[in-house]
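Open the model in your viewer and keep the selection tool handy. We will start with the whole chain and then walk through a few stops together.

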Amino acid sequence: MTTMKRVRLYVLTVVVPVLITGLGLDVGARGQERDAGGFKAPTAALERGRAVYVLNHCHFCHGVDLTRATMGAANLSQSPLVGADEDGKMIGPLVKAGLPNLQTAMPSYVELTPEEIFDLSRYIHFLRQQARFRELSRLADTPAGDRAAGEAYFNGSANCRSCHSMTGDLSGIGRKYDSATIRARLLRPGPVMPSEGVSPTAGQAAHLQLLENYTAANVQDLVAYLGANR
């Protein structure tokens, strides 16, 4: 066994359990366990990703929840690259190459395995979805969105009509729900948190991808368009 493999085995069998249980977990406002690396992830796979994120010190610069980036690091909750990523295909090459020309010089992580890159990317997307939901849920109802723009987005780049119909499942939605409820349902129609052994449906996954990339105007316009369907 090579030295690098011995180190990696040590990390997986000794350091990761310490990360999860040995840092004095306390309990957050929603009952989530928290340690120096943030909140414990809701599934084993996401917890593996959190271990990669924390043990490689990503949280020092990008924040434990992506919302408090420091030292000139990119805000990953808003990064277009992260928004376009799928399973680490864009995040991985950047993580492995590093950014040596930045003032804060993000190091390269060439030793990370494809499995670790995959777990890391899934965890970053999980954090981004939580951050974007909080951000977009706080939008005020004024100024009101543009119904015509919402219709164009619904039928165009958002591709909502591939699953939904304003004369079918969404008929009368503006009569059934207020704007805050419509907003919450379009942002995240599935469960609040991932669950062990439960995968999102294709529709829920599509909404989560949209959640990562909505602008505030997109959301306001969709709410205006949906709310007008009475």
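**The whole chain**

Of the 230 residues in the protein chain, 39% are buried, buried being under 20% relative accessible area with a 1.4 Å probe, protein chains only. This is a predicted model, in which local features need pLDDT of at least 70 and side-chain atom pairs count only at pLDDT 80 or more, while totals for chains, interfaces and linings use all residues. Residues are numbered from 1 along each chain as its sequence is written, and side-chain values use heavy atoms, with hydrogens and water left out.

Switch to a cartoon view and you will find 11 helices and three strands. These are DSSP runs numbered from the N terminus: helices are H or I with at least four residues, strands E with at least two. From the N terminus on, the order is α-β-β-β-α-α-α-α-α-α-α-α-α-α.

**Stop one: Ile182**

Select Ile182, which sits in helix H9 (residues 179–187). Is Ile182 buried or exposed? Ile182 is buried, with a relative accessible area of 2%. Now show what surrounds it: beyond its neighbours within four places in sequence, Ile182 is in contact (heavy atoms within 4.5 Å) with Ile173, Gly174, Tyr177, Val223, Leu226 and Gly227. Draw a C-alpha to C-alpha distance to Val223 and it reads 6.4 Å, although Ile182 and Val223 are 41 residues apart in sequence.

**Stop two: H9 against H11**

Axes here are lines fitted to C-alpha atoms, for helices over the stretch in contact, and angles run from 0 to 180 degrees between N-to-C directions. To see the contact, show Ser179, Ile182, Arg183, Leu186 and Leu187 of H9 with Val219, Gln220, Leu222, Val223, Leu226 and Gly227 of H11.

**Stop three: H6 against H10**

Finally, select helix H6 (residues 114–137) and helix H10 (residues 202–213), which pack with axes 8 Å apart at an angle of about 65 degrees. H6 and H10 are therefore roughly perpendicular to each other. Show the side chains of His125, Arg128, Gln129, Arg132, Phe133 and Leu136 on H6, and of Leu208, Leu211, Glu212 and Asn213 on H10: these residues make the contact.

Conventions
Buried < 20%, exposed > 50% of the residue type's maximum accessible area, 1.4 Å probe, protein only. Parallel < 35°, antiparallel > 145°, perpendicular 65-115°, else oblique.
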